[in-house]
Amino acid sequence: MTTLRAGWIITQRDLAHWVRQPWGPIFGLMFSIMLLLVFGFLFGGAINVPGGGDYIAYLLPGMMALSMLFGVESTATAMGNDARKGITDRFRAMPIGSASVALGRVGADMTNSTVELLVMLVGGLAVGWRITGDAVAAALAVLLLLLLRFSMLWIGIFIGLRFRGEGATSAVQVLVWPIGFLSTAIVSAETMPGWLGAIAAWNPLSATATAARELFGNPTGVTGGVLADHAVLLAVAWPVLLTAIFAPLSARAYRRLRA
């Protein structure tokens, strides 16, 4: 059996679990929508966007990028649970390629992420957000968001295989928050203290959020600096770099996995 064929079968297995127990993806989506409503309508009136523009229009692409990041913990948890229960070891005993398990997880999570992103797009349009760029640019923005998610998956897979204890899973859940909020997903880096804004500007999440805003035709909240000139380039470069680092690390962790 080829690696791709085996990966597709494992993808179907993971999707079947979600069909039988859909509450995990549903609650994840509801959480992203809740954050959108809280920041957009509860705090949004007190937040100004540098360079001008409506805050809801600024926030939506940032929330989409943030939802792509938050999936790291679910991926790490799923991989860690399979490893602890011996399911991954059963896959290792089968005559399939060593990359099949990871590809299966990637396929299932990318399917889930695509559905989540589409729901957020429709939900955003329902609350007044609009795409003012052309259709090709908007499609590219969606692809960049999914590219970020693809790179985050490999980080989650590595963490799930390498650190299988419950404490490691909790640590991932805690660390995702400062990484997510120390970015331009919610507010512009230009509203932060200089040193903090510089860190936020170089967050991979910031590159994708800014590029998506630019391509959707929304306010970017950027009036200068590296994100003003190279957001799209960075939104491609960061995920490619992260994937190049963590995909091999995930393969190595899988080969060294022991029951």
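These legends accompany close-up views of a predicted model.

Local features need pLDDT of at least 70 and side-chain atom pairs count only at pLDDT 80 or more, while totals for chains, interfaces and linings use all residues. Residues are numbered from 1 along each chain as its sequence is written, and side-chain values use heavy atoms, leaving out hydrogens and water.

**View 1. The chain has ten helices and zero strands.** Helices (H or I, at least four residues) and strands (E, at least two) are DSSP runs, numbered from the N terminus. From that end, the elements run α-α-α-α-α-α-α-α-α-α. Of the 259 residues, 48% count as buried. Buried means under 20% relative accessible area, exposed over 50%, and partly exposed in between (1.4 Å probe, protein chains only). Among contacts with a separation of 6 or more, 83% join residues 24 or more positions apart. Contact means heavy atoms within 4.5 Å.

**View 2. Helix H6 covers residues 135–162.** Its 28 residues should span 40 Å at 1.5 Å a residue, and the end C-alpha atoms are 41 Å apart, which agrees. The expected span is 1.5 Å times one less than the number of residues. In H6, 20 of the 28 residues are buried, so the helix is largely enclosed by the rest of the structure. At its start, a side-chain oxygen of Asp134 comes to within 3.1 Å of the backbone nitrogen of Val136.

**View 3. Met152 sits in helix H6.** Met152 is buried, at 7% relative accessible area. Leaving aside neighbours within four places in sequence, Met152 contacts Met68, Leu69, Val72 and Leu242. Pro239 is 87 residues away along the chain, yet the C-alpha atoms of Met152 and Pro239 are separated by 7.9 Å.

**View 4. Arg213 lies in helix H9, residues 204–216.** Arg213 is buried yet has no salt bridge. A salt bridge is a side-chain nitrogen of Lys or Arg within 4 Å of a carboxyl oxygen of Asp or Glu. The nearest side chain of opposite charge, Glu214, is 10 Å away. Lys and Arg count as positive and Asp and Glu as negative; His and the chain ends are not counted. Beyond neighbours within four places in sequence, the contacts of Arg213 include Tyr58, Pro61, Thr184 and Asn218.

**View 5. Two spans carry the UniProt feature "transmembrane region" (unreviewed entry), residues 114–131 and 231–251 among them.** UniProt annotations may be inferred rather than shown by experiment. Residues 114–131 are 72% helix and 0% strand, with end C-alpha atoms 18 Å apart. Residues 231–251 are 100% helix and 0% strand, and their end C-alpha atoms lie 30 Å apart.

Key
Polar contact = N/O pair within 3.5 Å; in protein donor to acceptor, adjacent residues only side chain to side chain.
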